[in-house]
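Please read the points below with the model open beside you.

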Amino acid sequence: MAYQALYRRLRPQRFEDVAGQEHIIRTLQNQIENNRINHAYLFCGTRGTGKTTTAKIFARAINCIGEGTKPCNKCTVCQPILHGTSVNVIEIDAASNNGVDNIRDIIEEVKYPPTDCKYKVYIIDEVHMLSAGAFNALLKTLEEPPEYVVFILATTDPQKMPVTVLSRCQRFDFHRIGKDTMVKVLKEYMSEEKAQVSDDAIEYIAELSDGAMRDALSILDQCISFYFDEEVTISKVMEITGSVDRSVFFELTDAMNNSDGSRCMDIIDKVVLHGRDIGQFVADMITHFRNLLLAVSIDGETKALDYSKTYVDKLRLQGCSVGYEYVLSLITGFSELANQIKFSANPRILLEVCAIKGCNPVVSYDLGSVNKRLKNIEAKLENGMPLIPPVTLNDEKIIERTEQNDKEEPVVINKAVPDDIKKVITEWNKFVKTIDTQMIKSILSTQSRPAYLEDDYLTLVAANNGPLMWLESHIDEVKKYFTVYFQREFDIRIMTEDKYNKRHIEKYGAKDSEIKTLNKDDFTKVFGNFVEFEE
C-alpha cells in the first residue's frame, strides 16, 4: 500500500478521538441520541482544527446501523463512507466547484433519496469560495431540503458568506487546539507510530503549529522522514523548520537594549550562517516581544503564557530590564519588518537596519524610543561621560553674572502677553541654544516650533505624536527655561502640526504664513546651478 501522510493516516475516526472540540462533539452526540438532526450545519474555524474530520464522523454516525457507540465504523453503511465509496455522502470542494452550474447539479441530485442510508449528506468544504450566484442558487434548497438531506458547510472565513446563508445553518465554531491538549495527543500518536521524538521537540512543534493539529503532524512527518531511525530532538526540529534556539531572542533583545550594535550584527550573522529562515526568525522575535510584554504586564500565572516556570521567570527578568514602552516600540518595528521582508530580495539588510534602529532609536519619537534614549543618557552620566561641551572662559563669565543676579532681590515675573510670544518666535534659535538639558534642547530644536494662535497662549507645534507626548510629560521643565530666559510666565499649549494647521485655517482662513517652502531661487542659492528645473 502507498505511504500515507501522518495527518491522513491518524485522522480521528470516532467522536471521542477529536481533540480540543468537546463543546461541539457533545452537542452533536446529543442530537444523534435524541434524533434531533438539523438539516444544515456550518463548521467554522482555522485550518487543522477538525472541521472536515468531524463532518465525516457525523455523516457516518447519523447513518450507522451498527450496535453500540455511533459510528461503529464496521457496519455495511459505515465502511463505504469510511473508504469514500458511498454515493450517499458527497464531498464537494467549493474552491474549484464554485459556479452556479455546480449548485444546480446538487439541486437536481437532492430530489433522489439515499439508496442504503437514512440520510444523504453533502459536505461542502471552503464554502466561502462559492460565487454570489451560487450562494443565491443554494438558498432555497438549503432552507427547505428534503427530510433525508443534510448539508454540512465548512469554512475558514465565515465573514465572507452571505448573512442569508448563515441564518439558515446551525453554526459551530471550532477552537484552536490548546498546547497541553496537542502535546498529549501528539505523544500518543508517536507512541502508536513507535517514533522516537523527545518531549521538548513535541512541545516546540505544538507551539509552532499555532493550534492546528494538521500543521503539527506535517512537521512531525517531515522530521521523522529526514531523521529516519534517529531520535527527533528540538534542535533537529529547528533545523528542519529554520527556527533558532530561544536563547538567541534573549541575546538579541539584550544587545538592542544595551545599544550594542556590534553584538546585534554578530547574532544576525550567526543566524544567517546557520541557514535559518529570516522571515521565521522575525516572526519568532515578535512572539518573544509579545511574551515579554505579557510577562511585565500581568502578575501571577496566566494561560496566555503557557510555558515552563523557569522560562516565564526569565521573561519577567528581561522584561523588567527592558521596560514596557521599549518592548512596545520593538513590537511595532519588527511587525513593520515582517511585512517588508515578504517583498524584499535581501531580507538580511532589513533585519540589520531594524536591529540598529532598536539600538539607537534616534529617528523614532514614540514613548518607548524616547525612554530608551533617556536611559542611554542616564547610563552616560553614571559613567561620568559629559553630555555637553566643557565650560569656556566666556561661559564662566556668564555663570558669574548669573550667580551675581541670584544674590540680587527676586524679580517679579509677569504673565506673558502676545508681544512676548512674538519675541519667543523671533529669538527661538537663540533661546534653544541656552538650554543645557540635551533632550529638551533636541526636542525643541528639531521636533517642535513656537507659534501664536490666539489669546495669551504660546503654542508649541510638535512634528508628530512622539514629541507631543514627550513635551506633555516634561512641560514643567520646559516652562522653567522659558521663564528664566524671557522673564515671563507663559501659558503653553501643545499640538501636532496637523492640528495646528486645521485650527489656523479655522481661525484665519489660511495656513500659517510663517511656514516657508523652498522655491527655485532658494535651491539655487544653496546648490548653485547644479540643480536643473523643469519648466
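1. Helix 13 is followed by Gly275, whose phi is positive, near 75 degrees. The model is a predicted one, in which local features need pLDDT of at least 70 and side-chain atom pairs count only at pLDDT 80 or more, while totals for chains, interfaces and linings use all residues. Residues are numbered from 1 along each chain as its sequence is written, and side-chain values use heavy atoms, with hydrogens and water left out. Helices (H or I, at least four residues) and strands (E, at least two) are DSSP runs, numbered from the N terminus.

2. What span should the 13 residues of helix 13 have? The expected span of a helix is 1.5 Å times one less than its number of residues. For helix 13 this gives 18 Å, and its end C-alpha atoms are 18 Å apart, which agrees.

3. Helix 13 has buried residues at Gly261, Cys264, Ile267, Ile268 and Val271. They cover an arc of only 120 degrees around the axis, so they sit on the same side of helix 13. Here buried means under 20% relative accessible area, exposed means over 50%, and partly exposed is in between, with a 1.4 Å probe and protein chains only. The arc is taken from the directions that lead from the helix axis to the C-beta atoms. Exposed Ser262 and Leu273 are on the face of helix 13 turned away from its buried side. The buried residues of helix 13 pack against helix 12, helix 14 and helix 17, where contact means heavy atoms within 4.5 Å.

4. The largest nonpolar core has 37 residues. A nonpolar core is a set of buried Ala, Val, Leu, Ile, Met, Phe, Trp, Tyr and Cys residues joined through side-chain atoms within 4.5 Å. Among the residues with the most contacts inside this core are Met256, Met285 and Phe334. Two or more residues each come from helix 12 (246-257), helix 13 (261-273), helix 14 (278-297), helix 15 (309-322), helix 16 (324-341) and helix 17 (347-359). Helix 14 gives the most, with 10 residues. Leaving aside neighbours within four places in sequence, Met285 is in contact with Phe249, Leu252, Thr253, Met256 and Phe334. A second, separate core of 30 residues includes Ile24, Ile25, Phe43 and Phe174.

5. Strand 1 runs parallel to strand 4 (residues 149-155), and 5 bridges join them. Strand 1 also runs parallel to strand 5 (residues 170-173), with 4 bridges. Two strands pair if DSSP finds at least two bridges between them. Leu42 has Leu153 as its bridge partner in strand 4 and stands opposite Arg171 in strand 5.

6. Val165 lies in helix 7 (residues 163-166). Its relative accessibility is 1%, so Val165 counts as buried. Not counting residues up to four places away in sequence, Val165 touches Phe135, Leu139, Leu142 and Leu153. Val165 and Phe135 are 30 residues apart along the chain, yet their C-alpha atoms are separated by 7.5 Å.

7. In helix 20 (residues 418-426), the buried residues are Asp420, Ile421 and Val424. Seen down the axis, they fall within an arc of 100 degrees, so they line one face of helix 20. Asp419, Lys422 and Thr426 are exposed on the face turned away from that buried side. The elements that the buried residues of helix 20 pack against include helix 21 (428-433), strand 7 (448-452) and strand 8 (457-462).

8. An open sheet of 3 strands has the order 7-8-10, with mixed pairing. Strand 7 and strand 10 (491-496) are the edge strands, each pairing on one side only. The twist averages 30 degrees from one strand to the next. Strand 7 and strand 8 run antiparallel and are joined by 5 bridges.

Technical notes
Axes are lines fitted to C-alpha atoms, for helices over the stretch in contact, and angles run from 0 to 180 degrees between N-to-C directions.
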